[in-house]
Amino acid sequence: EVQLVESGGGLVQLGGSLRLSCAASGFTPSGFCMGWFRQAPGQEREGVATIDSDGRTHYEDSVVGRFTVSLDNAKNTLYLQMTGLKPEDTAMYYCAAETRPCTGLMSAIKAIGAARLYKYWGQGTQVTVSS
C-alpha cells in the first residue's frame, strides 16, 4: 500500500543547500495532502512545508524565502529545496501524506498535531547544519 521513502539529508555548512526527496508509491500524491515535517531532539514535531490536495503550498514562518516544496506528479515524488540553511534547521525531516479531506495549514498542524492529521509517514532523513 502507501509507502513514503525520504532521501537527500546530510551534513551541510551554514548557508548551504540541500534537496530532500520523498518517493511515494501505492497512491497518487496529487489527490492527497503531502508535507515535510521536522523534529529536533527534545522538541515537538513541527510542520515545515506542505502541499494540500488543491495544490496550495504552506510554509512555517521561519523557512519562508529559504525553502520551497514541490510535487512532481510524473515521478510521484515530493521535494523540499532547502537554501540558506541555519543550525536551527538541524532535525530529522519526515515526509507525510493524508487522504482527503485533509489540510496543509500550519495553524491546524500546530493545533491538532501532525500525527493526528497525517496518516502515512516515511522513515525520516537527518539534516545537520554546522556553524
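The legends below describe close-up views of aromatic rings, and of charged groups lying over them, in a predicted model.

**View 1. The edge-to-face pair of Phe37 and Tyr118.** A search of the whole structure finds four aromatic pairs. Phe37 belongs to strand β4 (residues 32–39), while Tyr118 is found in the loop between α2 (114–117) and β10 (120–121), so the contact ties together parts that are 81 residues apart in sequence. Phe37 counts as buried, with 0% relative accessibility, and Tyr118 also counts as buried, with 1%.

**View 2. The tilted pair of Phe37 and Trp121.** The ring centres of Phe37 and Trp121 lie 5.0 Å apart with their planes at 55°, so this pair is classed as tilted. Here too distant parts of the chain are linked, since Phe37 is in strand β4 and Trp121 in strand β10, 84 residues apart. Trp121 has a relative accessibility of 23% and therefore counts as partly exposed.

**View 3. The cluster of linked rings.** Phe37, Tyr94, Tyr118 and Trp121 are joined into a cluster by ring pairs. Over the ring of one of these residues, Tyr94, sits the charged end of Arg45, at 4.1 Å from the ring centre.

**View 4. Arg19 over the ring of Tyr79.** In this view Arg19 lies over the face of Tyr79, and the distance to the ring centre is 3.9 Å.

Notes
Residues numbered from 1 in each chain as written. Predicted model: local features only at pLDDT ≥ 70, side-chain atom pairs only at ≥ 80, totals over all residues. Heavy atoms only, no water. Phe/Tyr/Trp six-rings, centres within 6.5 Å; stacked < 30°, edge-to-face > 60°. Helix = DSSP H or I, 4+ residues; strand = E, 2+ residues; numbered from the N terminus. Buried < 20%, exposed > 50% of the residue type's maximum accessible area, 1.4 Å probe, protein only. Lys NZ or Arg CZ within 6 Å of the ring centre and 35° of its normal.
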